[in-house]
Amino acid sequence: MAMSKNQFNEKMIEVAKILGMTWEGGLSKWNTSGNFRGENQVNIWARNAKGKINFSSCYPTKVMYRDRVEIGVSEDKTPEQIAKDIQRRFLPTYLVNLKEAKAQIEVHNNYEAAKQANIEKIATYFGEQLWEGRTCIYPKVKEIDKIEALNDCLIKFTVEGSPELAIQIIELLQEKGRT
């Protein structure tokens, strides 16, 4: 006979205590599932279905790293046995993957910060107010429509004007050794 939602949550609370984590159960009123939360962004999703408790890896948002770690255990096991299975079969791979995921997030955050710093420098030059998270400005300069930070080292200008203006800009860049 399958465990009730309450039985499942009680068992997962005991497993969480053994693992030194917290249990956030009852996230859905339709099934028996929830998350273990631990230090350093550890997040393990658990659900009970068809006499088996399945555990799946969860990673922080903004991460492309998606190597899923999954194991299943019998719902008949004790909390101690389940905790041992998680420690032995799940956590070693998951913790390595989580570390790599967090490294990707750090790279992404550094990239975004550099991109933001670039557009902030330009906004300051033009005396523009830059809204949080905005990566472009529309300066009050007749010929310049938009200035946008495309990435951490590339700025895109949209200039409206005559071919003569384009030639002047190219000549100026050539004088500065930029082309």
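**Legends to close-up views of a predicted model**

**View 1. Ala-49 in strand 3.** Ala-49 belongs to strand 3, which spans residues 43–49. The model shown here and in the other views is predicted. Is Ala-49 buried, partly exposed or exposed? Ala-49 has a relative accessibility of 23% and therefore counts as partly exposed, the limit for a buried residue being under 20%. Ser-33 is 16 residues away from Ala-49 along the chain. The distance between the C-alpha atoms of Ala-49 and Ser-33 is 9.2 Å.

**View 2. The loop between strand 2 and strand 3, with Asn-40 and Gln-41.** Strand 2 covers residues 32–37, and Asn-40 sits in the loop that separates it from strand 3. Gln-41 is placed in the loop between strand 2 and strand 3. Asn-40 is not a glycine, yet its phi is positive, near 60°. For Gln-41, also not a glycine, phi is positive at about 70°. Asn-40 is exposed because its relative accessibility is 57%, and the class begins over 50%. Gln-41, with a relative accessible area of 47%, is partly exposed.

**View 3. Leu-98 in helix 2 and the residues it touches.** Leu-98 is part of helix 2, a helix made up of residues 79–126. A relative accessible area of 3% makes Leu-98 buried. Which residues does Leu-98 touch, leaving aside those up to four places away in sequence? They are Asn-40, Gln-41, Val-42, Tyr-59 and Pro-60. Asn-118 is 20 residues from Leu-98 along the chain, and the two C-alpha atoms are 30 Å apart.

**View 4. Gln-116 in helix 2 and its contacts.** Gln-116 lies within residues 79–126, the extent of helix 2. Gln-116 counts as buried because its relative accessibility is 17%, which falls under the 20% limit. With residues up to four places away in sequence set aside, Gln-116 touches Leu-130, Trp-131, Gly-133, Arg-134 and Thr-135.

**View 5. Overview of the chain, with its 3 helices and 8 strands.** Read from the N terminus, the elements follow the order α-β-β-β-β-β-α-β-β-β-α. The radius of gyration is 26 Å, well over the 16 Å given by the globule rule for 179 residues, so the protein is more spread out than a compact globule. Along the principal axes, the C-alpha atoms occupy a box of roughly 80 × 30 × 25 Å. Of the 179 residues, 36% are buried. Among contacts with a separation of 6 or more, 37% join residues 24 or more positions apart.

**View 6. Surface and charged side chains of the protein.**

**View 7. Strand 5 and strand 8, the elements with the highest and the lowest mean pLDDT.** Strand 5, residues 70–74, has the highest mean pLDDT among the elements, at 96. The lowest, 82, belongs to strand 8, residues 155–159. Over the whole protein the average pLDDT is 86, and 93% of the residues score at least 70.

Notes
Residues are numbered from 1 along each chain as its sequence is written. Side-chain values use heavy atoms; hydrogens and water are left out. Helices (H or I, at least four residues) and strands (E, at least two) are DSSP runs, numbered from the N terminus. The radius of gyration is taken over C-alpha atoms; the globule rule is 2.2 Å times the number of residues to the power 0.38. Buried means under 20% relative accessible area, exposed over 50%, partly exposed in between (1.4 Å probe, protein chains only). Contact means heavy atoms within 4.5 Å. Accessible areas come from the Shrake-Rupley method with a 1.4 Å probe; for residues, only the protein chains shown count as cover. Lys and Arg count as positive and Asp and Glu as negative; His and the chain ends are not counted. The place of a charge is taken as NZ of Lys, CZ of Arg, CG of Asp or CD of Glu. pLDDT is the predictor's confidence in each residue, from 0 to 100.
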